[in-house]
Amino acid sequence: MTEVPTKCRPRRRLLGLSFKTKSATLMFAGAVVSGIFQHTIFAENESWAGYAAGLATELCGVALTIILIDMALERQEQRKDIRRLADEMLFQVDYIVWVWLGGDRVFSYEEMVCLLRSVSPDDTLHHVTESLIQGLGNEAEKRYRLHSDLVLRDGDLCRGLCHLGELASIRARKHPLEAVQVGEALLEAARSFRRVLQFTETGHAARECQTQKQSAQRIQAYRHTGMEDAGCPEPRAVEVLTYLG
């Protein structure tokens with residue numbers, strides 16, 4: 001896989017880009033200018049100077065309150081959007097790993113990572129699985145384009161999408177990606193999304209995933225479509241017995 005570009009360094013928006021923050025900033029600046037101007041004009045009249053100073057102070061307080069509240073709410077909403085996007089992409093990765101390598105259909109991050117670590121050159125991709133992986137790469141690139149302003153605020157989310165985006169050209173390369181390379185890209189993406197979500201998982205025996213891995217092409221086709229592909233090589237007998245229980 002190619003190295004993820006440095007464009008995924010987090011970017012922060014400058015203060016005052018939202019409408020409310022712009023308004024509050026202008027109010028703050030206007031209050032300061034007004035206070036200085038009125039204090040200069042009415043310096044000889046203490047009552048007017050005190051009134052102007054009090055008005056400017058009140059306006060500054062209101063403006064600062066609006067700015068701080070707006071920043072806090074905007075940051076909270078952005079974090080929710082970032083986590084939601086990472087969660088959606090992580091579950092798509094989990095589905096593809098299940099189609100390709102098997103395991104328990106119930107989501108388990110630890111099991112997914114264990115399965116991806118166990119990928120070998122023998123874990124070939126059925127064309128159905130390959131299409132899913134290509135589609136996931138295209139989806140990641142689309143999310144990056146449509147939500148670039150949001151994505152670039154979180155380096156881990158950006159890196160995860162970039163790793164998946166490499167898979168969009170799985171069929172267009174002069175030298176197609178090998179199974180191990182696909183597994184590495186999915187693994188790095190899953191780890192990046194995990195850092196965004198910052199969740200902990202308990203109670204799942206990830207150590208058993210090695211025996212549960214079923215990557216025969218015919219089984220891959222069955223998991224996704226519910227029908228066997230007669231054109232696939234026959235899976236090993238032990239895999240069939242284990243898969244069918």
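The questions and answers below go through this structure topic by topic.

This is a predicted model, in which local features need pLDDT of at least 70 and side-chain atom pairs count only at pLDDT 80 or more, while totals for chains, interfaces and linings use all residues. Residues are numbered from 1 along each chain as its sequence is written, and side-chain values use heavy atoms, with hydrogens and water left out.

Me: How many helices and how many strands does the secondary structure of the protein chain come to?
Reply: Helices (H or I, at least four residues) and strands (E, at least two) are taken as DSSP runs, numbered from the N terminus. Read from that terminus, the elements run α-α-α-α-α-α-α-α-α-α. The totals are therefore ten helices and zero strands.

Me: What percentage of the residues in the protein chain is buried?
Reply: Buried means under 20% relative accessible area, exposed over 50%, and partly exposed in between, with a 1.4 Å probe and protein chains only. Among the 245 residues of the protein chain, the buried share is 40%.

Me: Which residues touch the most other members of the largest nonpolar core?
Reply: A nonpolar core is a set of buried Ala, Val, Leu, Ile, Met, Phe, Trp, Tyr and Cys residues joined through side-chain atoms within 4.5 Å. The largest such core has 43 residues, and those touching the most other members are Leu-157, Leu-164, Val-182, Leu-186 and Phe-193. At least two residues of this core come from each of helix H2 (46–101), helix H3 (109–117), helix H4 (127–146), helix H5 (148–151), H6 and H7.

Me: Which residues does Val-182 touch, not counting residues up to four places away in sequence?
Reply: Contact means heavy atoms within 4.5 Å. With residues up to four places away set aside, the partners of Val-182 are Trp-100, Leu-125, Ile-133, Leu-167, Ile-170 and Leu-177.

Me: Is Gln-220 buried or exposed, and which backbone oxygen does its side chain reach?
Reply: Gln-220 is found in helix H9, and it counts as buried because its relative accessibility is 0%. Leaving aside neighbours within four places in sequence, Gln-220 is in contact with Val-99, Trp-100, Thr-124, Leu-125, His-126, Thr-129 and Ser-215. At 2.7 Å, its side chain reaches the backbone oxygen of Ser-215.

Me: Where is Glu-166 found, and what distance separates its C-alpha atom from that of Gly-137?
Reply: Glu-166 is found in the loop between helix H6 (155–165) and helix H7 (179–197), and at 22% relative accessibility it counts as partly exposed. Although Glu-166 and Gly-137 are 29 residues apart along the chain, their C-alpha atoms are separated by 6.4 Å.

Me: How many aromatic pairs does the structure hold, and which residues form the stacked one?
Reply: Rings of Phe, Tyr and Trp (its six-membered ring) pair if their centres lie within 6.5 Å, and planes under 30 degrees apart count as stacked, over 60 as edge-to-face and the rest as tilted. The structure holds two aromatic pairs, and the stacked pair has 4.4 Å centre to centre and 25 degrees between the planes, its members being Phe-91 and Phe-107. Since Phe-91 lies in helix H2 and Phe-107 in the loop between H2 and H3, the pair ties together parts that are 16 residues apart in sequence. The answer is two pairs, with the stacked one formed by Phe-91 and Phe-107.

Me: What angle lies between the planes of Tyr-95 and Trp-98?
Reply: Being three residues apart in helix H2, Tyr-95 and Trp-98 are separated by about one helical turn. Tyr-95 is partly exposed at 24% relative accessibility, whereas Trp-98 is buried at 16%. The pair is tilted, with 5.9 Å centre to centre and an angle between the planes of 40 degrees.

How values were computed:
Polar contact = N/O pair within 3.5 Å; in protein donor to acceptor, adjacent residues only side chain to side chain.
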